[in-house]
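This report describes one protein chain for a reader who is new to such models. It goes from the whole chain to single residues.

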Amino acid sequence: MPQSNLSMQGVQSVPCAWSELFIIGGKIPSRRAYHVSFVWNNEYYVHGGQDLKEGAFGDLWKLNIDFLYPHKEEATDAAEIDGATWQQVPIKGKFPPKLAHHQGVLQEFSKEFIIYGGIRGVESSDTIYVVDLKTFTFNAILAAQQKEVNGKALPGPRDDHTMITLSSK
């Protein structure tokens, strides 16, 4: 696998290597692109996305990634990982039926994942979805419920954008 050293000004370099993992057995999510993903409590989550042949998805999947950390389990150089399984996460509330090209940010302090924008059908979305990570309940905040702050206009419908979390720390 290609290896490199990741470094930034003032930060010590860290060796990095990309590897393709093959999960053996069990159900797996459909092939997709244009999804959002995040890591929460050592589980990798994937929401929505789209396949050119199958269309958009509205599901949420998770994969326990403890096997990636050698201090918990001895990692191997093998590309095939046995025993790691994907699970579809049951979701509740007002969730998007099918959404792709959206973005999300993890809010660890409030245990929420916030999704904004994306494409539903052929239209760009301006809905905010707040996912409670304790119960996996989605709450939709429609544009009409969103309020301007200090006279600034709302961002409006968008897709293929970027979101970040700013911290006061």
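Of the contacts in the chain with a separation of 6 or more, 48% are between residues 24 or more positions apart. The model is a predicted one. The chain has 17 strands and zero helices. Buried residues account for 30% of its 169 residues. The accessible surface comes to about 11600 Å², and carbon and sulfur atoms hold 53% of that area.

**Confidence**

The mean pLDDT of the chain is 83, with 82% of the residues at 70 or more. Strand β6 (residues 50-51) has the highest confidence, at a mean of 96, and strand β1 (residues 3-8) has the lowest, at 51. Over residues 71-75, pLDDT stays under 50. For that stretch the model has five contacts beyond four places in sequence.

**Aromatic rings**

A pair of aromatic rings is described by two values, the distance of the centres and the angle of the planes. The count for this model comes to five aromatic pairs. One of them joins F38 and Y45, with 4.9 Å centre to centre and 10 degrees between the planes. Why does the pair of F38 and Y45 count as stacked? The planes are 10 degrees apart, and planes under 30 degrees apart count as stacked, so the pair gets that label. F38 and Y45 are both buried. Ring pairs also link F38 and Y45 with F113 and F136 into a cluster.

Another ring, that of F57, has a charged group over it: the charged end of R32 lies 4.3 Å from the ring centre.

| Residue | Relative accessible area | Class |
|---|---|---|
| T127 | 2% | buried |
| N64 | 31% | partly exposed |
| K98 | 48% | partly exposed |

T127 is found in the loop between β15 (123-124) and β16 (128-132). Is T127 buried or exposed? T127 has a relative accessible area of 2%, and buried means under 20%, so T127 is buried. Leaving out residues up to four places away in sequence, T127 touches I115, Y116, G117, R120, A140, I141, L142 and Q146. With R120 there is also a polar contact of 3.4 Å between the side chains.

N64 belongs to strand β8 (residues 60-64). Its relative accessibility is 31%, so N64 counts as partly exposed. Apart from residues up to four places away in sequence, N64 touches N42, E43 and T85. V39 is 25 residues from N64 along the chain, and the C-alpha atoms of the two are separated by 9.4 Å. A polar atom of the N64 side chain lies 2.8 Å from the backbone nitrogen of D66.

K98 is in the loop between β11 (92-93) and β12 (103-107). K98 is partly exposed because its relative accessible area is 48%, and the class exposed starts over 50%. Which residues is K98 in contact with, leaving aside neighbours within four places in sequence? They are A56, F57, G58, I119 and R120. K98 and A56 are 42 residues apart along the chain, while their C-alpha atoms are separated by 5.4 Å.

Definitions and conventions
Residues numbered from 1 in each chain as written. Predicted model: local features only at pLDDT ≥ 70, side-chain atom pairs only at ≥ 80, totals over all residues. Heavy atoms only, no water. Phe/Tyr/Trp six-rings, centres within 6.5 Å; stacked < 30°, edge-to-face > 60°. Buried < 20%, exposed > 50% of the residue type's maximum accessible area, 1.4 Å probe, protein only. Lys NZ or Arg CZ within 6 Å of the ring centre and 35° of its normal. pLDDT = per-residue confidence, 0-100. Helix = DSSP H or I, 4+ residues; strand = E, 2+ residues; numbered from the N terminus. Contact = heavy atoms within 4.5 Å. Polar contact = N/O pair within 3.5 Å; in protein donor to acceptor, adjacent residues only side chain to side chain. Areas by Shrake-Rupley, 256 points an atom, 1.4 Å probe, with all protein chains shown as cover.
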